[in-house]
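Q: I would like to learn how to read a few features of a structure. Can we start with the ligand?

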Amino acid sequence: MYGKIKNYELNGQKLVIQFEKQEGIVEAYTDEIINVFCGFETKDHHSKAIEGEKRKETKVSVSRTNSEIIYSTEKLTVHIADEFKVDFYDKEGTLLCEDYRGKRAYAQQLSEKSLELIRAEGHDVSGENELDYKIQIVKKMQGDEKFYGLGDKTGFLDKKHYDYEMWNSDLPQAHTDAFKALYKSVPFFITLRENCVYGLFFDNTYKSFFNMAKENEKYFYFGANEGNLDYYFIYGAAMKEVVQNYTYLTGRTPLPQLWTLGYHQSRWGYETKEEILALAKKYRECEIPCDTIHFDIDYMDGYRVFTWNEEDFGKPGEIIKQIADMGFKTVTIIDPGVKKDDNYTKYKEGIAGDYFAKTPEGEVYVNAVWPGEAVYPDFGDPKVRSWWANNHKYLLELGVRGIWNDMNEPASFNGELPQDVVFTDEDRKANHAKMHNVYGHLMSKATYEGLKELDKKRPFVITRACYAGSQKYATFWTGDNQSLWAHLAMAIPQMCNMGLSGLSFIGTDVGGFGADTTGELLARWVQVGCFSPLFRNHSAKGTIQQEPWVFGDEVLSIYKKYVELRYRLLPYLYDLFYEEEKTGIPIIRPLVLHYEEDKETHEMNGEFLFGESMLVAPVVEQGATKKIVYLPKGDWYDYDTKEKISGNKYFLKDAPLSVCPIYVKAGSILPNFLPMHYVGEIELDTLILNVYPGTGEYLHYQDNGEDFAYRDGEYNLYRFAQKDGMLTITLEHDGYDKKYKNFEIHCGEEVKQIPFTGAPITVKVNG
Ligand code: GLC
């Protein structure tokens, strides 16, 4: 396909290689990030995921042997051979990743007769996929690889022996491990071997295929039939560094507004303002903290976006104001499909401005979603994005505080959009095949930019569909899960892998969206939800209601316990977001991220870390009241009993319905807020410090929780350190005037109130 190497040239740090049939490029972005490129479709990258100049000045050198070109940075050496075979080594000369030289071949080949029989009953024949994509990268298995990431996929933490597709899909059936794709496409994964970890990011927006040594134990591959060969080898001395490097390249989640980290209630089924008001009142009456109520599609007039259903929801905005007076923030859903209706302003504006995707013949392309016949804004066109962005003025003026983007795969009720529907890709035309996987990305980018400009606050945008890099603009939920125990169990590896793929602000529909939940399932789900960055109970029309009070007093009190825990932990969670914005290290982490040398963590599907200090081992099995817990090396404290446990072992933990096993690493200092019903209710002038004896340091961040003033230095940073039974508190950055007035230090049974003046403090804590 490429032919033999003819010659090469080094332009700055970019190595351009002339093969007999193609030109290949190898280019260092940093010492640890190398791009491999061949412009089959375009000469430029034209990336949706990578924005801004990410190439850092990097010292490179090139040499040539008989058979290879050798290209080096300070950290990596890349060997390039005929047919554009590319191998990566570290500085010590250890092989990290090499191209497979053989041909792809199924490990198991069925006879045509067997295939016919299998197909006759309507089964898919596994391994019937094409052999050889136009663009394909086949890497040799060294044997002990584990694979992580790939965005939002079903199944288990380790993706080895599974295959996936990147094609944003809205599938109503219950999501199982057999699914190849869900709503999001993040073509990035991490490979972990003994003493070796790296990531591969295939920046190609067309439908792409990932096979993690399922086809054949000898190799793993990714490929596509269109677009460019454009992938990044991302190195790191540890998995954390690979995640840092990947998010350096594709961006990180900016710090959110504090209230968005509170608890959210939603349901596709609240059909009137009376229901919303009753819901809000019930929350306050039960004293379950709640910040946000989501308005699903019924608030709109006939599902026309940027309109209001006055018949059922009253005067536009009135109900928003009413619940705002009780401390609730409103998030409204906005779908991309614009109703085809000649009397509807947004449709008319879109037609007049030429804002909608077209058929190849030049007609506006029509499919159907909730409002019936609908057309699709062409979000790849900057003028369409700015029109869309400005449309949010209407909602913001009604008091809306956040936007929930749904159906943006894009979903379509009359079959999938044909591949040749014409969209815009910034300065050029592109077809649906190319723009499909970035449709949700571009929609949330438009929404983010609109809210930022109009509201000046940190935009809160939730999206269902996305591409790599969407984390710069949005928060994600895993779409239409169901009230199934299997989906609760799956939520753990699903969120862990999303986090490793740059998607940090994430959550599942607590209680499950489709199907009917039970009290027990809801109680267990809230125990996972309370650690999910996006903590929202949401369910579908026609399913059993699943607000916390539906299943009686026991479930209600368990629910309350975990929502209250969430609110206590808000400052800790906010600190994790502060860290995330700087490093890209996610909030929910698989154990392997911090303990990669410990093989027990490599396939740990039933536990996760919430930041580095907390380990959560939820019960996700019906009827279970015990959990087999694994704690990695070091000392830990049981969150409930305060018992100290040495790690590096499994044990059985009693976990009745009211208990979610939680462990805190010795030496941790966990900041907590005082109880509240919603963010903004109380002055946050007291910070509780829960000290878990040991040696450790902790950096705590504080700002106004709303706007971008922190980027101009308006924030405080406190350093807490404990050693030899002494705790010190120092103010390391002093930029936000509302400093804490008090610290309340909890250590074991002991509580100490310490007024704070800004000067360093040292106190004795029980060891
Ligand atoms: C889709 C969304 C779901 C929403 C429903 C109605 O199914 O995934 O969350 O409630 O549409 O808008």
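Q: How far is an oxygen atom of the ligand from an N or O atom in the side chain of Arg464?

A: First, the ground rules. This is a predicted model, where local features need pLDDT of at least 70, side-chain atom pairs count only at pLDDT 80 or more, and totals for chains, interfaces and linings use all residues. Residues are numbered from 1 along each chain as its sequence is written, and side-chain values use heavy atoms, with hydrogens and water left out. A polar contact is a pair of N or O atoms within 3.5 Å; within protein, one must be able to donate a hydrogen and the other to accept it, and residues adjacent in sequence count only if both atoms are side-chain atoms. For Arg464, the distance is 2.8 Å. Asp296 has a side-chain N or O atom 2.5 Å from a ligand oxygen. For Asp406, the distance from a polar side-chain atom to an oxygen of the ligand is 3.0 Å.

Q: How much of the ligand does the protein bury?

A: Accessible areas come from the Shrake-Rupley method with a 1.4 Å probe; for residues, only the protein chains shown count as cover. Alone, the ligand exposes 310 Å², and the protein buries 97% of that.

Q: Which residues are around the ligand?

A: A residue qualifies if one of its heavy atoms lies within 4 Å of the molecule. Among them are Trp268, Ile297, Trp370, Asp480 and His538. To sort such a shell, count Ala, Val, Leu, Ile, Met, Phe, Trp, Tyr, Cys and Pro as nonpolar, Asp, Glu, Lys and Arg as charged, and the others, Gly among them, as polar. Here the shell holds 7 nonpolar, 1 polar and 4 charged residues.

Q: At what angle do the axes of helix 12 and helix 13 cross?

A: Helices (H or I, at least four residues) and strands (E, at least two) are DSSP runs, numbered from the N terminus. Axes are lines fitted to C-alpha atoms, for helices over the stretch in contact, and angles run from 0 to 180 degrees between N-to-C directions. Helix 12 (residues 553–568) and helix 13 (residues 570–583) cross at roughly 55 degrees, and their axes come within 4 Å. That makes helix 12 oblique to helix 13. Under 35 degrees is roughly parallel, over 145 roughly antiparallel, 65 to 115 roughly perpendicular, and the rest oblique.

Q: Where is Pro410 placed?

A: Pro410 sits in the loop between strand 25 (400–405) and strand 26 (422–425). The peptide bond from Glu409 to Pro410 is cis, with omega near 0 degrees.
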